Amino acid sequence: MSRFKEIIEEESQKEYYKKLHEFVDNEYKTKTIYPPRENIFFALKNTPYEYVKVVIIGQDPYHGEGEAHGMCFSVNPGIPVPPSLQNIYKEIHRDLGCKIPNNGYLLKWARQGVLLLNSVLTVEKDKPASHQGKGWEIFTDRIIEEINKKNTPVVFLLWGKFAKQKQALITNPKHLILTSSHPSPFSVRYGFEGCSHFSKTNDFLALNDMARIDWQIDDI
């Protein structure tokens, strides 16, 4: 059994998770909730614990129709690229010369060991932050704490005030923490623009004899 699956099973026995499960279950039955239920743990399924090399932390899923599929910053094929991801692409282009793609589907990153983890894993349609404070944060903090225990080096990319709060969970000196402002249009110019986090990530991985991430997302 994969480590993430074990963690889900361990957490599901705890009181907070039982309450969270009951809440989420009722929300899916009575409202429009994103991502689709089968994709709640999409990030954990596509980047197994053993392969995690980079962690990008988001806040909660996109709340527009058809956007969220269980990985932070990523949207389904055919959905317009959201502004924050456009700014991420611009920085990758500036930093590494990658071509800006025509879509926001980041599965290619996930399959190379980039865990795209939202802190809250569900949201009600058109209501950002509607599922905050229900228990997801306890669960995803546990995921971060487990990744912190890894013996292999991991790069944590913490963008914006919310993500930076997770820095306290990352205590293992093997890991690299890179912080900046959030890539949203409101804050991109306060540190994210020009941060070179993508080349810095690859330099760190190479220094530790690990394969670099190919950040180029292919056109669809």
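How many nonpolar, polar and charged residues does the lining of the largest cavity have? By class, that lining has seven nonpolar residues, two polar ones and no charged ones. The model examined here is a predicted one. Its largest cavity has a volume of about 50 Å³, and the structure holds one cavity of 30 Å³ or more. The residues around the largest cavity are I40, P61, G70, M71, C72, L116, N118, V120 and L121.

Then there's the largest pocket. Rolling a probe the size of a water molecule over the atoms is what shows where empty space is left. In the largest pocket, that space comes to about 530 Å³. Its lining is made up of 28 residues, and those nearest the centre of the pocket are D60, Y62, F73, S84 and H182. Sorted by class, the lining of the largest pocket has 14 nonpolar, 11 polar and three charged residues. Three elements, β2 (54-58), α4 (83-96) and α7 (160-164), each supply at least two residues of this lining. Of the lining of the largest pocket, α7 gives the largest share, with four residues.

Strand β2 also turns up in a sheet. This is an open sheet of four strands, in the order β3-β2-β5-β6, and the pairing is parallel. At the edges sit β3 (114-118) and β6 (176-180), each of which pairs on one side only. On average, neighbouring strands of the sheet are turned by 20 degrees against each other, if direction is ignored. For a look at one pairing, take β5 (residues 155-159) and β6: these strands run parallel and are joined by five bridges. Within this pairing, L158 has T179 of β6 as its bridge partner.

Finally, a pair of helices. Two packed helices are described by the angle between their axes and the distance between the axes. For helix α2 (residues 15-30) and helix α6 (residues 136-148), the axes come within 9 Å and cross at roughly 125 degrees. Angles from 65 to 115 degrees would count as roughly perpendicular and angles over 145 as roughly antiparallel, so α2 and α6 are oblique to each other. So which residues of the two helices meet? On the α2 side they are Y16, Y17, L20 and V24, and on the α6 side they are W136, I138 and F139. By class, this contact of α2 with α6 has seven nonpolar residues, with no polar and no charged ones.

Definitions and conventions:
Residues are numbered from 1 along each chain as its sequence is written. This is a predicted model: local features need pLDDT of at least 70, side-chain atom pairs count only at pLDDT 80 or more; totals for chains, interfaces and linings use all residues. Side-chain values use heavy atoms; hydrogens and water are left out. Two strands pair if DSSP finds at least two bridges between them. Axes are lines fitted to C-alpha atoms, for helices over the stretch in contact, and angles run from 0 to 180 degrees between N-to-C directions. On a 1 Å grid over the protein atoms alone, a cavity is a set of points where a 1.4 Å probe fits but cannot get out, and a pocket is an open set with protein on both sides within 12 Å along at least five of seven lines; lining residues have an atom within 4 Å of a point. Grid points are joined across faces, edges and corners, and a volume is the space filled by probe spheres set on the points. Ala, Val, Leu, Ile, Met, Phe, Trp, Tyr, Cys and Pro count as nonpolar, Asp, Glu, Lys and Arg as charged, and the others, Gly among them, as polar. Angles under 35 degrees count as roughly parallel, over 145 as roughly antiparallel, 65 to 115 as roughly perpendicular and the rest as oblique. Contact means heavy atoms within 4.5 Å.
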